[in-house]
Amino acid sequence: MEYHNPVLLKETVDGLDIKPDGVYVDVTFGGGGHSKEILKRLGPNGRLFGFDQDEDALANALDDERFTLINENFRFIKRFLRFHNVKSVDGILADLGVSSHQFDVAERGFSTRFDAELDMRMSQKNDLSAYGVVNEYDEANLRRVFYDYGELKNAPAIARVILEAREHEPIKNTEQLKAVLSRFLPAHKSNKILAQIYQAIRIEVNQEMDVLKEFLEQSLEILKPGGRLSVISYHSLEDRLVKRYIKNGMFEGEPERDFFGNFSVPFKTIGKLIVPDDAEIRINNRARSAKLRIAEKI
Ligand SMILES: C[S@@+](CC[C@H](N)C(=O)[O-])C[C@H]1O[C@@H](n2cnc3c(N)ncnc32)[C@H](O)[C@@H]1O
């Protein structure tokens, strides 16, 4: 089975406006689809660093002397590039979220299609798993996860039902979780709601919102002026953070204006929001929620 079919391949790499001698980072290497396209456009002196926190991605490492794969979380991008003597870069690509491989391997626990143990860790080194969230979080924290990350209005009721169920026995796998939550899963909406519940747990397990914020702030620090950032996000919570950071250089609120009413922003937005066309979605259903934003450091 194919590891991952890259989304918006041309558009995302075009967004980097590759200089043949430049230094680039693909922080979500996965199956290497975007990285291969970057290498095609780099000259012999160009360099590419890939990050992926999933050990499984290491098997896809590219045999190319311009390329280095780092098996770490991209929340540490600055630290690990520094370790490789790189202090500034010409472009950074992030294709956020989960790879098809991670969804398709039942034991990873990302998919509601399989009856698997609750896991959803993108990195095998992560201590917290979906089991920990579902069985060990207190009620307030469970409510927060479902409300903030699943955007589920009935988060308090969902949290309560989980708490009651786990008093009898731990909730270990997909089927048990589905059974516990059955009253919230009416037949016509069951897949959608379950996907929201799974998304919420996954974001918490992998601390995706905090990681994205740390990554965006460090990207700004390490990009050279004129350097490019191409980010594909797959849900509105991610996209909101990316959009605000590119527009204002902050995640909440508005930047302060000077005496003349101007404010300085760190990025120039390049082009409009890009989404896959119908033809791409037809051949790759996982592209359907993708949103690509491109920015240039001022
Ligand atoms: C959507 S896939 C990227 C696919 C890739 N663009 C390709 O063409 O094959 C996302 C990948 O990023 C990795 N990933 C997600 N969050 C990460 C993080 N915080 N640090 C490092 N890797 C991460 C996942 O393990 C996954 O392999």
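I began with a helix pair: R144, V145, F146, Y149 and G150 in α6 meet Q196, I197, Q199, A200, I201, I203 and E204 in α9. Contact here means heavy atoms within 4.5 Å. I sorted the residues of this contact into seven nonpolar, three polar and two charged. Ala, Val, Leu, Ile, Met, Phe, Trp, Tyr, Cys and Pro count as nonpolar, Asp, Glu, Lys and Arg as charged, and the others, Gly among them, as polar.

I noted that this is a predicted model, where local features need pLDDT of at least 70, side-chain atom pairs count only at pLDDT 80 or more, and totals for chains, interfaces and linings use all residues. Residues are numbered from 1 along each chain as its sequence is written, and side-chain values use heavy atoms, with hydrogens and water left out.

Next I looked up the angle. The axes of α6 (residues 139-150) and α9 (residues 190-205) cross at roughly 105° and come within 8 Å. Axes are lines fitted to C-alpha atoms, for helices over the stretch in contact, with angles from 0 to 180 degrees between N-to-C directions. Helices are DSSP runs (H or I, at least four residues), numbered from the N terminus. The two helices are therefore roughly perpendicular (65 to 115 degrees).

Then I turned to N206, in the loop between α9 and α10. Is N206 buried or exposed? N206 is buried, at 7% relative accessible area; buried means under 20%, exposed over 50%, partly exposed in between (1.4 Å probe, protein chains only). Leaving out residues up to four places away in sequence, N206 touches F110, M120, R121, M122, S123, N126 and V211. V211 is also among the buried residues of α10.

How values were computed. Angles under 35 degrees count as roughly parallel, over 145 as roughly antiparallel, 65 to 115 as roughly perpendicular and the rest as oblique.
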